[in-house]
Amino acid sequence: AVLTPRLDAYFRHDDDDDDNGVTAKKKASFPLAAYFSDALFDGSETSSEVVAVARAAWAHVRRIFDEVATYRPFELLRGHKQRVDHLLTHQARVVAVTCVRAALARRDLLDLRFRYDTLLVEEASQILEIETFIPMVLQEPHQAAADDDDDDE
């Protein structure tokens with residue numbers, strides 16, 4: 001909240017004057033210069049080059065902020081189950097579960113609005129055909145249809 005206004009003000013005063021005094025002033029007034037060390041502006045001779053380097057540095061810091069924001073729920077979710085549920089519904093790309101475990105956890109997964117795009121039944125030779133439906137009903141039919149409609153837009 002403090003950094004963004006300072007950087008906006010820095011970039012708002014984007015002088016195209018290539019005077020060495022202006023370039024030195026741009027280098028000295030960059031709010032993140034201390035974080036990146038003195039080597040940040042090495043090789044930047046003009047004011048526009050300094051601003052380009054400053055924009056790249058700010059983009060790097062923004063990526064760090066975005067990554068830290070993904071960890072924010074873990075500060076708020078105190079319980080182990082809450083954290084696991086968050087990971088399952090927001091971060092997981094592959095979820096491996098047996099048909100028996102899927103049947104036992106079905107209600108919990110429905111409550112979480114757990115959804116998947118692809119289902120792979122690895123133990124197909126060991127179970128009855130009817131048992132393969134167990135993981136298929138882990139999401140509500142209307143939920144899957146609504147998700148398909150969202151993908152079409």
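The bend at a residue is the angle between axes fitted to the seven residues ending there and the seven starting there. This is a predicted model, in which local features need pLDDT of at least 70, side-chain atom pairs count only at pLDDT 80 or more, and totals for chains, interfaces and linings use all residues. Residues are numbered from 1 along each chain as its sequence is written, and side-chain values use heavy atoms, with hydrogens and water left out.

**View 1. The bend in helix α4.** Helix α4 bends by about 35° at Thr-70, and Pro-73 follows within four residues. The helix covers residues 47–76, 30 residues in total. Its first and last C-alpha atoms are 43 Å apart, close to the expected 44 Å; the expected span is 1.5 Å times one less than the number of residues. Helices (H or I, at least four residues) and strands (E, at least two) are DSSP runs, numbered from the N terminus. Ser-47, Val-50, Val-51, Ala-54, Ala-57, Trp-58 and Val-61 are the buried residues of α4, where buried means under 20% relative accessible area, exposed over 50% and partly exposed in between (1.4 Å probe, protein chains only).

**View 2. Helix α1 and its buried face.** Leu-3, Leu-7, Tyr-10 and Phe-11 are buried in α1, which spans residues 3–12. Seen down the axis of α1, these buried residues fall within an arc of 90°, so they line one face of the helix. The arc is that of the directions from the helix axis to the C-beta atoms.

View 3. His-13 sits in the loop between α1 and α2 (20–29) and counts as exposed because its relative accessibility is 53%. Lys-27 belongs to helix α2 and is partly exposed, at 28% relative accessible area. From Lys-27 to Ala-54, 27 residues apart in sequence, the C-alpha distance is 8.6 Å.

**View 4. The largest pocket.** The largest pocket holds about 950 Å³ of space. A pocket is found on a 1 Å grid over the protein atoms alone, with a 1.4 Å probe, as an open set of points with protein on both sides within 12 Å along at least five of seven lines; lining residues have an atom within 4 Å of a point. Grid points are joined across faces, edges and corners, and the volume is the space filled by probe spheres set on the points. Of the 33 lining residues, Leu-88, Val-95, Ala-96, Val-97 and Phe-114 lie nearest the centre. Helices α5 (80–91), α6 (99–104) and α7 (106–111) each supply at least two lining residues, and α5 gives the most, with 7.

**View 5. The backbone at Arg-113.** Arg-113 has a positive phi of about 60° although it is not a glycine. Most residues other than glycine have a negative phi. Arg-113 lies in the loop between α7 and α8 (133–136) and is exposed, at 54% relative accessibility.

**View 6. The whole chain.** The chain has 9 helices and 0 strands. Buried residues make up 24% of its 153 residues.
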